[in-house]
Amino acid sequence: MSKLLKHRDIRLKQRYRAEAFFRSCGLFAISLGVFFLLVLLYSVFSQGVSAFWQTSLTLSVKLDAKIIDPEGRRANDPQIICIADYPRLLRNALAEELGVSLDDLVSLREVSRMFSFGAGSQLRDLVVKNPQLIGTSQKLTFLAASHVDSVFKGQVNLSVSETKRKLSNKQLEWMKKLAYEGILHKTFNFGFFIFSASSRPEMSGLGVALIGSFYMMFIVLLCSLPIGVAAAVYLEEYAGRNRFTDLIEVNINNLAAVPSIIFGLLGLVVFIHFLGLPRSSSLVGGLVLTLMTFPTIIIATRSALRAVSPSIRLAALGLGASKTQTVFQHVIPLAIPGILTGTILGLAHALGETAPLLLIGMVAFVANYPVSPMDPATAVPVQIYMWANEAERAFVERTFCAIIVLLMFLALMNIAAVLLRNRFERRF
Amino acid sequence: MNPELSIKMRGLDVKVFYDSNQALHGITLSILENNVTALIGPSGCGKSTFLRCLNRMNDTIEGARVTGHVFLDEEDIYDSSLDVVELRSRVGMVFQKPNPFPKSIYENVAYGPRIHGLARSRLELDEIVEKSLLKAGLFNEIKDRLHDAGTGLSGGQQQRLCIARAIAVSPEVILMDEPCSALDPIATARIEELIDDLRKNYTIVIVTHSMQQAARVSQFTAMFHLGTLIEFGATETIFTSPKEQRTQDYITGRFG
Ligand SMILES: Nc1ncnc2c1ncn2[C@@H]1O[C@H](COP(=O)(O)OP(=O)(O)O)[C@@H](O)[C@H]1O
Ligand SMILES: [Mg+2]
């Protein structure tokens, strides 16, 4: 009897059950999130990694003076070297490897289609730079055509009838032979990071987009960090609470929630139409992204400032530090980890932003590298958007590969945020 | 009162409002030089509020408004001619919860002299830091850890660090708001000893919840109740023969 009395009914069972239920809910939610993340990463990587390699042809090319300069006039007319028939040199070199007769014009056409369109210009650039090579034989590596690349990577269904394929059976045979001889092989696709826009997938890359994104990030950092932090410090530490500051506060919070495409519209009207800044330029893109980022930075900075213990302010003020000394010598240093984290997350957000850039004309076919932020450029996410509209297999692969690059940049920025935070927090 | 005692600070009809809520109803009180004055009274009676009037820390509270006069020596500290930064360098403060800066012990103590330009050289600064830590009775414990974090010390040590930090600016008056309420009895005893030592060179005003502490460390006691000063006098008199019934009741623990 007395033993029974010792146990009180304090609903222990229900409480533990509720706890177990909550834990399993949490676990389930996390597993679901991880699952989808893995699915995303798997689908992106499985389709995109192949674009890091590109099929190339390495063969020895005879720089035949009779083809480059049949009349021997190059000493007087250097122009000749520039307009010579380089694709023919390539074709002849490959035909020789394949044992195709130079009289079999039909086969020769198929031989020349194995090369990328850019191979001829590559050879031309080499010869124009080093005219003394004329007459010699050079072992060189050229890009293969994108169909060859796709087939070589096993991305094309070869069981369909020959007429519906880009490559004939003869070309497939040649590929086997060339691969066996080591002429056809895969190389690391440096071009993907260097080339600009092109209608030929093997010659298009992220070059312009990377430069554009870099300019824009630089502009965003340069503009939004000082302005955002200054605004936040003023609002949080100096401005009193009144109608006016309340209004500003509400507006900043709203600004952070405005759909990004509206910022693009704003940029179009203000920066391009009103201020006359160049369309498609990374300057305008950067300014638009600044507008988007700096509410985020203000909000992050304000909450970082607010998180600094009031006792630190009192300690400084009590010693006779002025308001400004208190803020700059005690409060801001303690808020720096939070400010940095907010800034980097804002930048990462800006890096992935696409919609506003479409409106200011950054969705453009830009073949020349932007020398300054005033020149037309694109951005990595915009490039992804443009490639995603292409049907060719080689572009699909590039789309996913560009996504991998973008994700890697985002991951790097987030890691940087964590490292910086730890570094600054470790000071006591 | 003893004629050789001179008045260091004097509040004259001090009223404090937090927005529309009046916390102090006209306090007139003198703080005597080189003595410890204890402010006692039940929670919420305005002790901290009055203490904050003495170095204008109420300025930092939004909505707080102070009327009346507070004199430091013969100067009215609410007169615009006395800068608040200068005032706080002359009237230091130690808070209820130890609040060292998240910096090294050395930097904590050196901060005040640095911003006020009290040291002309690094050597002089070292000397000020060492002396302040000595006076706060902390130096011997931490002399080989000067460059370790101040926040890594124990609660009692942190509070003594805060006292050293306040002393380093060479104030004339030190205000302490329940400096021992977060500390264990041993740390409390050390601080009480320290306060008794400091009295020789500084004028001290201390808010305390502990009657024993008030009796032990103070020479004068002011009893607050509901925003008014109900009794002020020598501590001995207040504790042995208070004039007011409410004081008697509070001291003996019948309310508070
Ligand atoms: N920052 C503040 N804002 C508004 N009211 C305050 C503030 N500080 C104190 N008060 C009010 O002033 C009165 C006195 O408070 P306080 O001086 O802190 O009392 P004590 O220190 O004696 O416990 C209390 O009624 C309290 O509610
Ligand atoms: Mg208090």
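Val208(A), leaving aside its neighbours within four places in sequence, is in contact with Ser196(A), Ala197(A), Val366(A), Tyr369(A), Pro370(A), Ala377(A) and Thr378(A). This is a predicted model, by the way. Val208(A) sits in helix α11, which covers residues 207–238 of chain A. Is Val208(A) buried or exposed? It counts as buried, because there are 28 C-beta neighbours inside 10 Å and the cut-off for that label is 20 or more. Phe193(A) is 15 residues away from Val208(A) in sequence, and the C-alpha to C-alpha separation of the two is 8.9 Å.

On the domain level, the assignment for chain A gives domain 1 as 58–187 and domain 2 as 207–424. Taken over C-alpha atoms, the centres of those two domains of chain A are separated by 47 Å.

Chain B has its own valine to look at. Val91(B) lies in strand β6 of chain B and is buried, with 27 other C-beta atoms within 10 Å. Again leaving aside neighbours within four places in sequence, Val91(B) is in contact with Leu54(B), Asn55(B), Leu72(B), Pro171(B), Glu172(B), Val173(B) and Leu175(B). Lys15(B) is another story: Val91(B) and Lys15(B) are 76 residues apart in sequence and 20 Å apart in space, C-alpha to C-alpha.

| Pair | Apart in sequence | C-alpha to C-alpha |
|---|---|---|
| Val208(A) and Phe193(A) | 15 residues | 8.9 Å |
| Val91(B) and Lys15(B) | 76 residues | 20 Å |

Now for a couple of helices. In chain B, α6 (residues 155–167) has 13 residues and reaches 18 Å from its first C-alpha to its last, close to the 18 Å expected at 1.5 Å a residue. How many residues of α6(B) are buried? The count is 12 of the 13, so the helix is largely enclosed by the rest of the structure. Among the buried ones are Gln157(B), Arg160(B), Leu161(B), Cys162(B), Ile163(B) and Arg165(B). The cover over the buried residues of α6(B) includes β6 (91–94), α3 (105–116), α4 (122–135), α5 (139–142), β7 (173–177) and α7 (185–198) of chain B.

Over in chain A, α13(A) has 15 residues and reaches 20 Å between its first and last C-alpha, close to the 21 Å expected at 1.5 Å a residue. There's a kink of about 30 degrees in α13(A), centred on Gly267(A). Gly267(A) also shows up in the list of buried residues of α13(A), along with Phe263(A), Gly264(A) and Phe271(A). What do the buried residues of α13(A) pack against? They pack against α14 and α17 (355–359) of chain A.

After α13(A) comes Gly276(A), with a positive phi near 70 degrees. Most residues other than glycine have a negative phi. Ser280(A) is not a glycine, yet its phi is positive, near 65 degrees. This serine is found in the loop between α13 (260–274) and α14 (282–306) of chain A, and it is buried, with 21 other C-beta atoms within 10 Å. Asp73(B) has its place in the loop between β4 (64–72) and β5 (75–76) of chain B and counts as partly exposed, with 13 C-beta neighbours inside 10 Å.

Next, the ligand. Which residues surround ligand 1? The shell is made up of Tyr18(B), Ala23(B), Gly41(B), Ser43(B), Gly44(B), Cys45(B), Gly46(B), Lys47(B), Ser48(B), Thr49(B) and Ile61(B). By class, that shell divides into 4 nonpolar, 6 polar and 1 charged. Helix α1 (residues 47–54) of chain B gives the most to the shell, with 3 residues.

Finally, the two chains touch: the contact takes 15 residues from chain A and 22 residues from chain B. On the chain A side, α15 (310–318) and α16 (323–351) each supply at least two residues. α15(A) gives the most to that side, with 6 residues. By class, the side of chain A that touches chain B has 8 nonpolar, 6 polar and 1 charged residues.

Terms used. Residues numbered from 1 in each chain as written. Chains lettered and ligands numbered in written order. Predicted model: local features only at pLDDT ≥ 70, side-chain atom pairs only at ≥ 80, totals over all residues. Helix = DSSP H or I, 4+ residues; strand = E, 2+ residues; numbered from the N terminus. Expected span 1.5 Å × (residues − 1). Contact = placed C-beta atoms within 7 Å. Near = placed C-beta within 6 Å. Nonpolar A, V, L, I, M, F, W, Y, C, P; charged D, E, K, R; others polar. Bend = angle between axes of the 7 residues up to and from the residue. Domains from an automatic or database assignment.
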